[in-house]
Amino acid sequence: MIGARTAMKRPQTFRSAMPRPAMLVVTLWALTISCLASPTGTGVLLVTPPAASVAVGDAVRLTAIPQDDGTGTVRAPTVTWTSSDPSVATVDATGLVTGVAPGSATITATAAEQSGSAQIIVAAHPPGTVADLAVGATTDSSMTLGFTEVSDGMGRPASYDVRYAAGNTLTWGPNATSVSQGTCATPLAGRSSGARRTCTVEGLAAGTTYSFELVAFRGTLKANAVFGELSNVATGATAASTAPVASVSIAPPSPWVLIGSTRQLVATLKDAKGNMLTGRTVSWKSSAPAVAAVSASGLVTGVTEGTATITAASEGKGDTAQVSVVPAPPPVTYYRTNFNDGTTGPLDVYAYGGGSCAKSTDYRDSASAYSIKCTIPAGASGAAALQAWFGRGQLANQPKDPSLDQDLFEEVRFVLAPGAAGAIGGTTCTGSNRISQFKVHKSVYGQAGSAWNGWVMSEIGPCTDGNIGLFSEPEMWNINGQPFRWPGTYPSLNEGTVYDVVYRYHRDTAQGCGTIAIWVNGAQVMDSPCWSYMGTTNGSGQGLLFWDGATYLQNGVAPFVVYNLFAQATNYPIGTATSSP
């Protein structure tokens, strides 16, 4: 099983390519000695080493040795040293060469009528690495950072890209925002290498934990910048706001609860600046306790069928939520599309490694003019899938986890294009497809990694999983590892025919476990017990997401193409699928 692709990379660094010596770096370029014969023919002047590479600020010592036409060493005369370009490399009276700036220079030794030379290449160090970034003083909207400044690798103070993210962790990339307010704003110009530097990040939310990281660079960002290594990550929290409560909001705003069941409501308090407030007293009240009772923490219990107004109040401000108590969940369709307009509708495209998705008329749902054709080229790993991410993108108005304490049904209809089996060298394991595989479905909580959070994958891997055709496997495969075979998919994958697959997800928070059930073309493939590791978020709050289509191709020997015909998600059973027991 191959995990999700890491999308973000650290800035380019030369640390591995250019070691940093205490005194000098010497690289011999050739064994050929560069020297000139004496006009009198009495001898030559040998300069060693004949060629060297030195970093800016570092030094290498050259030696001049007079020779008697190769027959023996003669008495050393006084030697004069000169550089063809002192702006690149200087040389003193003893032959000590010091790198000044990147480039090349010829160092010449002259003694009487004898002379010889050596070629010097000067390269820059990478910018230094900050290793002591720390958070200092804080207010309810700012934090002070401190660190020791470093060199840009050419003897000048480096500049810095300072980034931050809310929370206790930070991953460098687009999700880490460059500071734009305060004296730490990127790009932060350096002042003095080796000196302690402090600056302030402003515009932060009160009572919030933030993580910070920076990288030293020279040049111009987004143009010709050369980066050092990333610094350590420093974490701190802004002070809580002391301002009075200006607003109260209840989530969810219009919930429902089953008779005899409970639902947690959450009251969010903010001050006039929009800062989140914590540690304030909130009172809860129900307009009809005989219908829906509410505890001091906002936990609503359904008593009898009907409606009740729940009120949350703090410091004279409040909000209400209309709660419906029902004997069975009201039907909800979270999304549904057959791509009739040629767009992905409520879904987004997830692609990398050259993968792409576009409208097509090759295969279509019965009531649609188009399907969405997703293609991954042969070669390295890639993906081309339709993404349903609850609480994000096109589904930003949907709950982040509709499988929480209720059934969530997902249906997908798709066609494997002719040649799908050929994309992995066939459905039988051979010497040419030992690591080849493809996936048509994956469900996880956020783009946060593989094999440690989520639900299930549907795939084929002839050598890694056996000659069994398509199958589904719980996402926590390293705990379970059991494949659930799709009927009638080996040795033929039934290319060009429609697959109608329904997945049922249910996460039970009271028991701390989850279940997954799958139906393929009306036949039940699996219906798991409530496994403790199934549906775990591992702390991710990014929201549940589905990838369907050409979800993944590894070691493809030919392009892999999937036509997406239909997709929907509901809280009620679809087709032959049944509710959780």
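User: Which strand gives the most to the lining of the largest cavity?

Analyst: This is a predicted model. Strand E33 (382-389), strand E34 (408-416), strand E42 (544-554) and strand E43 (560-570) each supply at least two residues of that lining. With 4 residues, the strand that gives the most is E34.

User: Which residues lie nearest the centre of the largest cavity?

Analyst: The cavity has a volume of about 110 Å³, and 15 residues line it. Those lining residues divide into 2 polar, 3 charged and 10 nonpolar. Nearest the centre lie Val412, Asp548, Asn564, Phe566 and Ala567.

User: How many cavities of 30 Å³ or more are there?

Analyst: A cavity is taken as a set of points where a 1.4 Å probe fits but cannot get out. The largest cavity, at about 110 Å³, is one of those counted. The count comes to 2.

User: Turning to the open sheet of 3 strands, which strands stand at the edges?

Analyst: The order in this sheet is E4-E8-E7, and the pairing is antiparallel. Two of the strands have a single partner strand each, so one side of each is left without a neighbour in the sheet. The edge strands are E4 (59-61) and E7 (89-91).

User: What is the bridge partner of Arg61 in E8?

Analyst: E4 and strand E8 (residues 96-99) run antiparallel and are joined by 3 bridges. In E8, the partner of Arg61 is Leu96.

Key
Residues numbered from 1 in each chain as written. Predicted model: local features only at pLDDT ≥ 70, side-chain atom pairs only at ≥ 80, totals over all residues. Heavy atoms only, no water. 1 Å grid on protein atoms, 1.4 Å probe; cavity = no way out; pocket = protein on both sides within 12 Å on 5 of 7 lines; lining within 4 Å. Points joined across faces, edges and corners; volume = space filled by probe spheres on them. Nonpolar A, V, L, I, M, F, W, Y, C, P; charged D, E, K, R; others polar. Pairing = 2+ DSSP bridges.
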